[in-house]
Amino acid sequence: MEKEVLKKGLGNEIEIEVYPYHDAKRDEFYDRLKDAAALLTAFIKIDKEAFEHAPNLKIISLNSTGYDVVDLQEATNRGIGVSPVGEYCTQDVAEGTLAFMFALNKGLKHYIKDIDELARWDFASFDPTPRMEKQTVGIFGFGKIGRCVAKKVKSLCQRVIAYDPYVDKSLAHELDVELVSAEEIYKEADIICNHMNLNNTNVHFFGNRAFELMEKQPIFINMGRGLSVDEDALVEALNTGKIRSAGLDILTNETPDLKNHPLAHRENVIITPHASFYSTTSLESLQELSCKNIVYYLKGEKAKVFKLVN
């Protein structure tokens, strides 16, 4: 679909190269980048060194909602637009969040191991938890995804609270969600989910102090960025029972050593490979939006770019 959208918008004469990137081929990537007017990517790190090899670059279109892989200040200094897809998988990530909530609350991974590996038929092998309707959900990051999660869990849970110092309070009021401090969520929530964008203020936001303040042994779900969580602190919180379980759609490293990862192979931890966005619907939207952003930007129609962050 990407080639079709680009050629339809910019003409059949444009040259499009699909390059299978790997960090070991960084120099080769730089050689390809030197003539490019546009770069479509998701997780390739574009730092100052990369920009120095891209004299003709005009726009970086990211087929992701996050843009922390790009040195935004350097891009701005060089007059290069940075355009993530603002919204293509909101519903999908919200559904993934609910899937983690239900699976962890009901101990599904524990029971799967009981049945498939131990051939054990014992409902009491898992410590029961309250019904969802008796629990409070705390949401960090009340943007599109956080609000979508709130809408879905309002009818399922006793109370929904959220932390986001940047959001318009009226958005929370419309959903009957109370905006509170991070500390209040740590104190009150039975389920905590992270949907914050990553920036220099929230790297390792969930560290030892945050987990120590969690009073109700909550389920912890990270649907944001891996660097929002101090993984050593999360391991410690699981080991000491500060949290009862964790659902992680992302780890700090996008190519983790899963055989030896301290968060893998635990009955009370479910990890998915950054897959919550993944549906046929979202893939179609992702491909179309990211390529149209390139078309609009190169044609000088910046107002039509779905999301331009600089």
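Me: What share of the 310 residues is buried?
Reply: Buried residues come to 45% of the 310 in the protein. Buried means under 20% relative accessible area, exposed over 50%, and partly exposed in between, with a 1.4 Å probe and protein chains only.
Me: And what kind of model is this?
Reply: A predicted one: local features need pLDDT of at least 70, side-chain atom pairs count only at pLDDT 80 or more, and totals for chains, interfaces and linings use all residues. Residues are numbered from 1 along each chain as its sequence is written, and side-chain values use heavy atoms, with hydrogens and water left out.
Me: OK, A50. Where does it sit, and is it buried or exposed?
Reply: A50 belongs to helix α3, residues 48-52. Helices are DSSP runs of H or I with at least four residues, strands are E runs of at least two, and both are numbered from the N terminus. A50 is buried, since its relative accessible area is 0%.
Me: Which residues is A50 in contact with?
Reply: Setting aside neighbours within four places in sequence, R26, Y30, L33 and K45. Contact means heavy atoms within 4.5 Å.
Me: How far is A50 from E174?
Reply: C-alpha to C-alpha, A50 and E174 are 44 Å apart in space, and 124 residues apart in sequence.
Me: Zooming out, how many helices and strands?
Reply: Twelve helices and ten strands.
Me: And what does the C-alpha trace span?
Reply: About 65 × 45 × 35 Å along the principal axes of the protein.
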